[in-house]
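Here is a short tour of one protein chain. Keep the structure in view as you read, and find each residue as it comes up.

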Amino acid sequence: MPSYTVTVATGSQWFAGTDDYIYLSLVGSAGCSEKHLLDKPFYNDFERGAVDSYDVTVDEELGDIQLIKIEKRKYWFHDDWYLKYITVKTPCGDYIEFPCYRWISGEGEIVLRDGQAKLACDDQIHVLKQHRRKELETRQKQYRWMEWNPGFPLSIDAKCHKDLPRDIQFDSEKGVDFVLNYSKAMENLFINRFMHMFQSSWSDFADFEKIFVRISNTISERVMNHWQEDLMFGYQFLNGCNPVMIQRCLKLPDNLPVTTEMVECSLERQLTLEQEIEQGNIFIVDFKLLDGIDANKTDPCTLQFLAAPICLLYKNLANKIVPIAIQLNQVPGEENPIFLPSDAKYDWLLAKIWVRSSDFHVHQTITHLLRTHLVSEVFGIAMYRQLPAVHPIFKLLVAHVRFTIAINTKAREQLICEYGLFDKANATGGGGHVQMVQRAMQDLTYTSLCFPEAIKARGMDNAEDIPYYFYRDDGLLVWEAIKTFVAEVVDIYYEGDQVVEEDQELQDFVKDVYMYGMRGRKASGFPKSIKTKEKLCEYLTVVIFTASAQHAAVNFGQLFLGMYPEEHFVEKPVKEAMARFRKNLDSIVSVIAERNKNKKLPYYYLSPDRIPNSVAI
């Protein structure tokens, strides 16, 4: 009688094991086996982190194994089980891998395909086509779109974290991490102890030091010691947490009436302001997005204010960027003066503080929340709805949306909701942050997420002309490494452009992003369909870069890019491509480390060994 060896791997996260009864059936081209109970005498099966093997004997040869069915039945009480993968050794000695990486909750059955990635056109067997269709039908019922606020990208239809499908909820450790990190951040910033400082006037700039007292690393200490200096102020627009606002000034805006006479003490080349602009030495940061946004009124006893500044900056003879003029609101006039470095020390310093405050609001709500978290959630929901687990693009992207939907749901519960942290601690709380996202959606375009094009659109692409823009330099290296890896994977599964165009599941994924994520806005420039391999490579690079590198640059995280602990791909060519990707990333790490040697203020946010795969890892 033919015998198969079945190996079952249980996850290593908390509570991944189970005491329930586990049954397995093998479905082959020549027949289906009986349901077998996987159980070894005097042994605790399916413990956390365990890899257990079982012999499954069948009456007749089953032919090519196409599917396996796993059924879980209650023993004492219901407990969830996290199944990593199953391998099957056939009687003729072949090994077949069945990736799972899913939770099996309560009593139920899941059906797994072997790990070979397949496009829909590759499936000619009815049972496999049917499995593919049923998987998507089930997912589309679980992953529904919802409008959290008018004008926002659509998000997951879940009021709270526990309403999410089990497979995308935080693991127990990750949930604990979220709570602990949230609490730790509050503790580090002394939010509770110093809340009165945020809700009343400060008497001295030294009060800043009380907030920084428990944040101890090289960068924060240097910022704390030099934050009042113009050089640090300018540097932060290049390599701080919001390095996406600065752009080359091609012409002074009509609402910023700065003259040569006003700034001549800052100009070092004996040129007029207009000549400096022509030579490309003038830069601008415009916070017009904040104009008219409602300031926080949740506490009637505390008046809060917002500015919508325009800041003019200059590249000096040392190629460093420094501020030369600041107007705090958009409409010029006697009540809206232009502040200059030649003004009284604290007038100029306060003007810079207002700019930095505005930068904080745009960074947190737009650069970070909207343009990494919410956009990545859109990609994630569309992926789960339209790409089956056997699809190579699902296998490629799944690590990069890991826990994204969960962390965004937590944010809607605790951070950006009514009475959340934004309302308590931000001047844009109480609805202003919602208005900001609604406005910023008009500028959220596909091209603006393509890193090289975004850099070029701001006139910041010339490395010789602007030599200290490390965000650009490192970002371009990582972008190209991701794009090269993606192109290798695409080449493995798509022979030509026609295969891309005829991949209906891929087209449905792209359409879902456009119709629901971008609300069907033609002006967004997001494609409704993809017709070439080249465009597909760019699109997938946007998805991965946004979730990993771009988020790391504006948030900073842990160490995962290029590491894929869940082995969704089983094919050797893809694994070899992953190895080359990691090698490429390692070389970028070395380049950045060498550049950072002996720097008083190193930039490492985009070093691949510090970039997480997704916005939530």
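Start with the surroundings of His433. Neighbours within four places in sequence are left aside here; beyond them, His433 is in contact with Thr365, Ile416, Phe422, Asp423 and Thr428. His433 itself lies in helix H13, which covers residues 432–440. Is His433 buried or exposed? His433 has a relative accessible area of 4%. Buried means under 20%, so His433 is buried. Bear in mind that this is a predicted model.

Lys352 is found in helix H9. Its relative accessibility is 5%, so Lys352 counts as buried too. Which residues does Lys352 touch, once neighbours within four places in sequence are left aside? The contacts are Gln228, Glu229, Asp230, Phe233, Pro323 and Ile326. Now look along the chain from Lys352 to Phe379. These two are 27 residues apart, and their C-alpha atoms are separated by 37 Å.

Thr87 belongs to strand E7, residues 81–89. At 16% relative accessibility, Thr87 counts as buried. With neighbours within four places in sequence again left aside, Thr87 is in contact with Thr5, Val6, Thr7, Ile96 and Glu97.

**Aromatic rings**

Next come the rings. A pair of aromatic rings is described by the distance of the centres and the angle of the planes. The model has 24 aromatic pairs. One of them joins Phe170 and Phe403. Their centres are 5.5 Å apart, with 50° between the planes, and the pair is tilted. This pair links distant parts of the chain, 233 residues apart. Phe170 sits in the loop between strand E11 (155–156) and helix H2 (172–188). Phe403 sits in the loop between helix H10 (392–397) and helix H11 (404–414).

Another pair is formed by Tyr384 and Phe394. The ring centres lie 6.0 Å apart and the planes meet at 75°. Over 60 degrees counts as edge-to-face, so this pair is edge-to-face. Tyr384 lies in helix H9 (residues 345–386) and Phe394 in helix H10, so the pair ties together parts that are ten residues apart in sequence.

| Residue | Relative accessible area | Class |
|---|---|---|
| Phe170 | 5% | buried |
| Phe403 | 10% | buried |
| Tyr384 | 11% | buried |
| Phe394 | 5% | buried |

Rings can also gather in a group. Phe379, Tyr446, Phe509, Phe526 and Tyr539 form one aromatic cluster.

**Charges over rings**

Which residue has its charged end over the ring of Trp103? Arg166 does, 3.9 Å from the ring centre.

**Two helices side by side**

Finish with helix H16 (residues 470–493) and helix H20 (residues 572–596). Their axes come within 9 Å and cross at roughly 170°. Angles over 145 degrees count as roughly antiparallel, so H16 and H20 are roughly antiparallel to each other.

What meets what? In H16, the contact residues include Phe470, Leu477, Ile482 and Phe485. In H20, they include Val574, Met578, Phe581 and Leu585. By class, the contact of H16 with H20 has 18 nonpolar, one polar and four charged residues. Among the residues in this contact are Asp474 and Glu488 from H16, and Arg580 and Arg595 from H20.

Notes:
Residues numbered from 1 in each chain as written. Predicted model: local features only at pLDDT ≥ 70, side-chain atom pairs only at ≥ 80, totals over all residues. Heavy atoms only, no water. Phe/Tyr/Trp six-rings, centres within 6.5 Å; stacked < 30°, edge-to-face > 60°. Helix = DSSP H or I, 4+ residues; strand = E, 2+ residues; numbered from the N terminus. Buried < 20%, exposed > 50% of the residue type's maximum accessible area, 1.4 Å probe, protein only. Lys NZ or Arg CZ within 6 Å of the ring centre and 35° of its normal. Axes fitted to C-alpha atoms, helices over the stretch in contact; angles between N-to-C directions. Parallel < 35°, antiparallel > 145°, perpendicular 65-115°, else oblique. Contact = heavy atoms within 4.5 Å. Nonpolar A, V, L, I, M, F, W, Y, C, P; charged D, E, K, R; others polar.
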